[in-house]
Amino acid sequence: MGRSSQYNHYFQRIDIPGQNVIDIEEYFPGLLYEKADGINNIGKPKNVYTEEYADSDRKRYFLPDDNNYANEGTEVTMTFLVVGTPVERETIIHNFFEYIRKGVHRYWDNARNREFDFIVTKELKVGEERWHGSNPYAELTVHMQNLNGCTRPH
């Protein structure tokens, strides 16, 4: 069915040892990666503290040793397009949702060479059916809770 770009987008379920790495556009033919919002965000530091005192115009602070910050988890929102006949689209949507909604996964791609571990904690959304020329497609939105406060090099 084709690819969304020259880059590959990979998922691996990591809470079950020995799970295969999948290229999502090959494993789910007709599922095309569109975009990822929040993938480069860094969560709020959890181990940095500040205090204000009435007798000072400067905040007092605590920074972790060696600048070893712990960050709150972030949310990454990925958007996918699903192309094919109506029956193919429905099958792809249900198979992809069945795969992604269970367990802990790792995502990375060969464009950014960054990775993050995530779980799905919000509803999985199927947008309206749309048309690009004479080709119908559906848009999927997946909200992923990044378990770490940022991505890391892959």
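Which side chains meet in a salt bridge with E115 at 3.0 Å, N to O? The partner of E115 is R152, a salt bridge being a side-chain nitrogen of Lys or Arg within 4 Å of a carboxyl oxygen of Asp or Glu. The model is predicted: local features need pLDDT of at least 70, side-chain atom pairs count only at pLDDT 80 or more, and totals for chains, interfaces and linings use all residues. Residues are numbered from 1 along each chain as its sequence is written, and side-chain values use heavy atoms, with hydrogens and water left out.

The pair links distant parts of the chain, with E115 in strand β8 and R152 in strand β11 (residues 152-153), 37 residues apart. Helices (H or I, at least four residues) and strands (E, at least two) are DSSP runs, numbered from the N terminus. E115 counts as buried at 10% relative accessibility, whereas R152 is partly exposed at 24%. Buried means under 20% relative accessible area, exposed over 50%, and partly exposed in between (1.4 Å probe, protein chains only). A network of salt bridges links E115 and R152 with R106 and D117.

The count of salt bridges comes to 14. Another one joins K102 to E98, with the closest N and O atoms 2.4 Å apart. K102 is partly exposed at 35%, and E98 is partly exposed at 37%.

The largest nonpolar core has 26 residues, of which F11, L31, M78, F80, F96 and I100 touch the most other members. Such a core is a set of buried Ala, Val, Leu, Ile, Met, Phe, Trp, Tyr and Cys residues joined through side-chain atoms within 4.5 Å. Two or more residues each come from β3 (31-37), β6, α2 (86-100), β8 (114-120) and β10 (135-146). Helix α2 gives the most, with 6 residues. Leaving aside neighbours within four places in sequence, I100 is in contact with F11, H105, F118, V120, L124 and V142, where contact means heavy atoms within 4.5 Å.

Strand β6 (residues 75-83) also holds T77, which is buried with a relative accessible area of 15%. The side chains of T77 and H143 are joined by a polar contact of 3.1 Å. A polar contact is a pair of N or O atoms within 3.5 Å; within protein, one must be able to donate a hydrogen and the other to accept it, and residues adjacent in sequence count only if both atoms are side-chain atoms.

In the loop between β3 and β4 (49-51) lies I39, buried at 5% relative accessibility. I39 and N146 are 107 residues apart in sequence and 8.8 Å apart in space, C-alpha to C-alpha.
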